[in-house]
Amino acid sequence: MLDATLDRLAATPAGPPGVSVLIQRGERREYRRRGVGDLARDTPPGVHDHVRIASVSKAFSGAVALALVDRGELELRDTVGELLPGLLPRARRVTLRQALHHTGGLPDYIRDERFIARLQADPTAYMSPRRLVRFVRDEPLRFRPGSRYEYSDTDNIVVALMAEAATGVSYERLLARHVYRPVGLRATSLPRSVRMPRPFMRGYEVAPGLPAEDVTRAINPALAWASGGIVSTASDVNYFFRAYAGGDLFGARERRAQRRFRPGSSSPPGPGRNAAGLGIFRYSTGCGTVYGHTGSFPGYRLFAASSADGRRSVAFFVNAQIVPGQGSAAVSNQIRAAQAAAVCHALR
């Protein structure tokens with residue numbers, strides 16, 4: 001079933017140039033690939049190719065925050081006003097828990113007209129995380145904190161800034177201390193420029209009837225920072241979610257808090273029925289349930305997840321940002337169906 005689904009996706013004219021899927025069951029790893037990771041060189045994708053993992057990065061900031069809560073350096077009830085005084089005056093009562101849950105009502109900076117203008121003027125420029133948040137400093141909250149769910153990229157920028165404020169340690173060092181070293185990740189980083197470590201899977205913009213355009217270096221990932229700026233590989237992302245969803249990075253109390261789910265979709269939506277936890281999503285499919293995150297960035301769409309025990313996992317990457325509202329809706333649905341088939345293969 002999975003192979004046939006991937007074959008159909010690879011044969012779709014408006015589909016992504018390449019597909020990279022890593023599935024692990026216990027100690028057994030299976031890697032499937034279709035198409036090409038680099039059109040100019042006609043080379044296939046590889047399990048160790050670096051990609052921009054986009055909003056999958058939000059799970060990493062969730063891991064850091066919950067690890068600090070486990071160690072008593074942060075509390076889920078800590079507020080933006082307490083840890084980041086003056087940064088977002090209207091959000092001073094928003095808690096770490098609400099930011100992780102996308103229930104704080106923080107306006108999304110990537111939709112702000114001034115941010116969009118700066119991005120269009122120089123998409124490769126660097127802006128600090130605090131500068132990103134300041135684009136929405138004076139905007140009202142979208143709703144009363146805790147009253148409903150709304151996905152916002154501002155949330156995870158704030159989460160990482162709260163972690164820095166509580167510890168006095170940079171977010172990059174916190175990632176190394178609480179994620180990279182414990183899991184054994186050696187090919188994951190949070191860059192400040194458009195450079196990509198080699199080898200890498202190139203990202204493309206695709207449109208019917210037009211040649212694919214290489215957009216790998218079109219936008220500085222630092223403009224998404226903790227919300228979407230990490231570069232990693234299918235192998236590293238797979239190991240991360242096995243540890244993160246499997247509960248290896250923090251204690252049982254934090255895991256229970258993480259898994260208080262409410263209706264809410266990741267962006268783009270993942271396979272099956274989506275529900276939002278703290279820095280993680282539950283994907284309930286016809287074959288069973290996995291826990292993970294999705295992401296999209298110019299040139300890439302991703303999905304990665306694991307079973308609750310960390311034993312069965314999926315890392316699914318394509319090198320085109322084909323998502324609802326951008327690109328072919330039919331191909332977007334095909335990608336989601338292929339993700340569901342990968343979950344079924346992992347859980348069978």
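Predicted model: local features only at pLDDT ≥ 70, side-chain atom pairs only at ≥ 80, totals over all residues.
A search of the whole structure finds one disulfide, and the link of Cys287 and Cys344 is right-handed, with 85° about the S-S bond. The pair links distant parts of the chain, since Cys287 sits in the loop between β9 (281-285) and β10 (288-297), whereas Cys344 belongs to helix α12 (residues 329-347), 57 residues apart.

From here the reader can turn to another loop, the one between β11 (300-306) and β12 (312-318), where Ser307 lies. At 8% relative accessibility Ser307 counts as buried. Leaving aside residues up to four places away in sequence, Ser307 touches Ala245, Thr289, Val290, Tyr291, Arg312 and Leu347. Among these contacts, Thr289, Val290 and Tyr291 fall within the range of β10 (288-297), and Leu347 falls within helix α12 (residues 329-347), the helix that holds Cys344.

Ala245, which is also touched by Ser307, leads on to helix α10 (residues 234-245). This helix has 12 residues and reaches 16 Å from its first C-alpha to its last, close to the 16 Å expected at 1.5 Å a residue. Helix α10 is largely enclosed by the rest of the structure, because 11 of its 12 residues are buried. The buried residues include Asp236 and Arg242 as well as Phe240, Phe241 and Ala245. Just after α10, Gly247 takes a positive phi of about 85°.

The last stop is a space inside the model. A search of the whole structure finds one cavity of 30 Å³ or more, and about 40 Å³ of space lies in the largest cavity. This cavity is lined by Leu88, Arg90, Ala91, Leu106, Pro107, Val136, Arg137, Glu139 and Leu141. Sorted by class, the lining has six nonpolar, no polar and three charged residues; Arg90, Arg137 and Glu139 are the charged members, because Arg and Glu count as charged.

Definitions and conventions. Residues numbered from 1 in each chain as written. Heavy atoms only, no water. 1 Å grid on protein atoms, 1.4 Å probe; cavity = no way out; pocket = protein on both sides within 12 Å on 5 of 7 lines; lining within 4 Å. Points joined across faces, edges and corners; volume = space filled by probe spheres on them. Disulfide = S-S within 2.5 Å. Helix = DSSP H or I, 4+ residues; strand = E, 2+ residues; numbered from the N terminus. Buried < 20%, exposed > 50% of the residue type's maximum accessible area, 1.4 Å probe, protein only. Contact = heavy atoms within 4.5 Å. Expected span 1.5 Å × (residues − 1).
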